[in-house]
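Reader: I am new to this structure, and I would like to understand the words used to describe it. Could you go through them with me?

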Amino acid sequence: MCGFVGSNFLNREEITQLNNLLHHRGPDQEGIYIDNNISLGHKRLSILDLSNDGKQPMKDESGKYIIVYNGEIYNFKEIKEELINKGYQFISHCDTEVILKSYIEWNKDCVLKFNGQFAFCILDKKNQQLFLARDRLGIKPLYYYYDGKSFLFGSELKVILKSKLNKCINQSSLNHYLLFGYAPSEQSILNNVYKLLPGNLLYFDIQKNKITETTQYWTNNSTNILSDKNANYEKIIYQKLDDAVKKRLIADVPVGAFLSGGIDSSIIVYFMKKYIKDLKTFSIQFDYQDFDESQWANQIAKLYQTDHYEIKFDAKDVRDLIPKLVYHYDEPFADSSMIPTYLVSMV
């Protein structure tokens, strides 16, 4: 996980302060780019190519295109090979450079090439625009503020909350949250602050200080997926799960798994074990039996012989956690699963 922030105004001190708010997302490397009324900041968690060649903001050779990015493109090697065949050269071994040069080659259609989870911004100095995109299912977050003049965006809402821009509560979002437990997907708890929707892209004209395009580039087209009565769906599902898990294991650092002992995490561990001999799994144990799933996690860990880590939590630990959750989620969030998810991430 990485984090980035950007704006259409020049202020090195402020962009540095806002970028530092994302340090927990990327403690390995950091960078700032300021030029032509644009400020960009990035915090990197190194997964692919741990060298400085993968540092962001990343420029192409001409210096006309600069990217900040959070995510992972699972098919980046195949896309890289295609670009090499078109004459492109690469300095790094990471997927960031592949995204950047995919944009240079295919413009906004580059997102149709990507199989992965991502949120990124590319400064296109040639056309004087910012290009922002988010993955198909919205796995990676991307917030932006726009009031008709100022444009500020980032991986978390806190970069906007801590900015000097005018901020006030979005009453409509608050009403929706209190009634349903969530707000409309594009809105946030603040006026003039939006979430780029999953499967969407956005263009911002730097000279006009204007959002010129927001487009949905992908929709779920699976209505006919079960139309073939002769298909072996058990085999199809198995192959797709195997392929999905295998693609997510590409990394230059160790990879592990959260394990609750439920169906979904147990299936993922099964497929991971096929490719990782010394697989590490992580789970938590609560002191309240109705919430505790550790016995099932231990059974799966023994079945697949994983290097299993478990840590115990009690009610006091959960109470102490609430203020931290408020800081990290930035706005009202009604899903109680955030508590065990945060706890297991601490293991």
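Author: We can begin with a pair of strands: strand S6 (residues 116-124) and strand S7 (residues 129-134) run antiparallel and are joined by six bridges. The model is a predicted one, in which local features need pLDDT of at least 70 and side-chain atom pairs count only at pLDDT 80 or more, while totals for chains, interfaces and linings use all residues. Residues are numbered from 1 along each chain as its sequence is written, and side-chain values use heavy atoms, with hydrogens and water left out.

Reader: How do you know that S6 and S7 pair?

Author: Two strands pair if DSSP finds at least two bridges between them, and S6 and S7 have six; the strands themselves are DSSP runs (E, at least two residues), as helices are (H or I, at least four), numbered from the N terminus. Across this pair, phenylalanine 120 stands opposite alanine 133 in S7.

Reader: What makes S4 and S12 edge strands?

Author: The open sheet has six strands in the order S4-S5-S6-S7-S11-S12, with antiparallel pairing, and strand S4 (58-59) and strand S12 (210-216) each pair on one side only. Helix H3 (residues 95-106) packs on this sheet, where H3 touches S4, strand S5 (65-73), S6, S7 and strand S11 (200-205).

Reader: Why is H2 called oblique to H3?

Author: The axes of helix H2 (residues 76-85) and H3 cross at roughly 45° and come within 10 Å. Angles under 35 degrees count as roughly parallel, over 145 as roughly antiparallel, 65 to 115 as roughly perpendicular and the rest as oblique, so H2 is oblique to H3. The axes are lines fitted to C-alpha atoms, for helices over the stretch in contact, and the angles run from 0 to 180 degrees between N-to-C directions.

Reader: Which residues of H2 and H3 make the contact?

Author: Phe76, Ile79, Lys80, Glu82 and Leu83 of H2 meet Asp95, Val98, Lys101, Ser102, Glu105 and Trp106 of H3, where contact means heavy atoms within 4.5 Å.

Reader: What makes H9 roughly perpendicular to H10?

Author: Helix H9 (residues 315-329) and helix H10 (residues 338-345) pack at an angle of about 95°, with their axes 11 Å apart. That angle therefore makes H9 roughly perpendicular to H10. The residues of H9 that meet H10 include Val318, Leu321 and Tyr329, and Met338 and Leu343 are among their partners in H10.

Reader: Why does lysine 64 count as partly exposed?

Author: Buried means under 20% relative accessible area, exposed over 50%, and partly exposed in between (1.4 Å probe, protein chains only); because lysine 64 has 42% relative accessibility, lysine 64 counts as partly exposed. Lysine 64 is found in the loop between S4 and S5, and although lysine 64 and aspartate 124 are 60 residues apart in sequence, their C-alpha atoms are 6.3 Å apart in space.

Reader: How do you know that S3 is largely enclosed by the rest of the structure?

Author: Seven of the seven residues of strand S3 (residues 38-44) are buried, so S3 is largely enclosed. Both faces are covered, with Ile38, Leu40, His42 and Arg44 buried on one side and Ser39, Gly41 and Lys43 on the other.

Reader: Which strands are joined to S3?

Author: Strand S1 (residues 3-7) runs antiparallel to S3 and is joined to S3 by five bridges, with valine 5 having glycine 41 as its bridge partner. Strand S2 (residues 29-35) pairs with S3 in the antiparallel sense over seven bridges, and isoleucine 34 stands opposite serine 39.
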